[in-house]
Amino acid sequence: LIPAIRVKNLNFYYNTQKVLEGVSMDIYQSKVTAIIGPSGCGKSTFLKCLNRMIELEGEVKIEGKVEFFNQNIYERRINLNRLRRQVSMILSKPNLFPMSIYDNVAYGVKIVGWRPKVELDEIVEFAIKDADLWDEVKNKLHKSALELSGGQQQRLCIARALAVKPKVLLMDEPCFGLDAIASMKVETLIQSLRLRSELTMVIISHNLQQVTRVSDFTAFFYSNENRVGQMVEFGVTKK
Ligand code: ADP
Ligand code: ADP
């Protein structure tokens, strides 16, 4: 087991209010780690600390270390855009751009660097295939992404992330608000990514059966008596 991300004694504050205390955790490469715990105990906050998206939330303070393949991501010289491409995040509500299906997936790739059209077409196609969405959208790549169903939008968000070849995919309740079938399709996609790639995944889920099905490790978070979130247990997911 090789840690892709090592969290060491993380404390986190919104303004001056402490929300997380003393969290230490290894997130293993090519494995799926599930994070579970009651609402408000800091799971989302923790996830956003892993790629510094937490700094988009406003006045925050972080103590401790988060290392991504041995580099402390809170060093000043880190390239934030690069970090957020390598440690990519899927939110519970699909956050597609009001653009075509194609342009959404191509967006991140274009930021990284110019590519000839044929190459871009190929990257977009492969990413959408990787996200198990190709058959559903191949005839309407130039239609607005916002016309897709909720479950399709979520898989397109995953395609958009995969197009730039992340090392880690952070997922904050990716099935939130989806009906049973759409939710199962997202879960099946997570399973297929798990089985055939080097991708490391972290998933927050309230669905314990889903956690049992998709994860290798489970971390339990809980708020202590001062309403500060802590990781109270970590281990191999019980099957
Ligand atoms: P969970 O994901 O476990 O439901 P969160 O990480 O969303 O928990 O929230 C942890 C705590 O931080 C909660 O008390 C929440 O109200 C607070 N919180 C979340 N986001 C912010 C924010 N942007 N500013 C201030 N407090 C926040
Ligand atoms: P802001 O909304 O503060 O201008 P951004 O434009 O960077 O911030 O982000 C817009 C939205 O996209 C936000 O909801 C943010 O959480 C989300 N976001 C930013 N970077 C990423 C990323 N690497 N992966 C997933 N979502 C992201």
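**View 1. Helix H1 and the shell around ligand 1.** Helix H1, spanning residues 43-49, contributes the most to the shell around ligand 1, with 3 residues; helices here are DSSP runs of H or I with at least four residues, numbered from the N terminus. This is a predicted model, in which local features need pLDDT of at least 70 and side-chain atom pairs count only at pLDDT 80 or more, while totals for chains, interfaces and linings use all residues. Residues are numbered from 1 along each chain as its sequence is written, ligands are numbered from 1 in the order in which they are written, and side-chain values use heavy atoms, without hydrogens and water.

View 2. Among the residues around the ligand are Tyr14, Val19, Pro38, Gly40 and Lys43, each with a heavy atom within 4 Å of it. By class, the shell has 4 nonpolar, 5 polar and 2 charged residues.

View 3. Look here for pairs of N or O atoms within 3.5 Å. A backbone N or O atom of Ser44 sits 2.8 Å from a ligand oxygen, and the side chain of Thr45 places an N or O atom 2.5 Å from an oxygen of ligand 1. On the nitrogen side, a ligand nitrogen lies 3.2 Å from a side-chain N or O atom of Glu57. Ligand 1 alone exposes 560 Å², of which the protein buries 62% (Shrake-Rupley areas, 1.4 Å probe).

**View 4. Cys157 and Cys175.** The structure holds 0 disulfides, a disulfide being two cysteine sulfur atoms within 2.5 Å. The sulfur of Cys157 has its closest cysteine sulfur in Cys175, 12 Å away and so too far for a bond. Cys157 is buried at 3% relative accessibility (buried means under 20% relative accessible area, with a 1.4 Å probe and protein chains only), and Cys175 is buried at 13%.

Note on methods: A polar contact is a pair of N or O atoms within 3.5 Å; within protein, one must be able to donate a hydrogen and the other to accept it, and residues adjacent in sequence count only if both atoms are side-chain atoms. Helices (H or I, at least four residues) and strands (E, at least two) are DSSP runs, numbered from the N terminus. Ala, Val, Leu, Ile, Met, Phe, Trp, Tyr, Cys and Pro count as nonpolar, Asp, Glu, Lys and Arg as charged, and the others, Gly among them, as polar. Buried means under 20% relative accessible area, exposed over 50%, partly exposed in between (1.4 Å probe, protein chains only).
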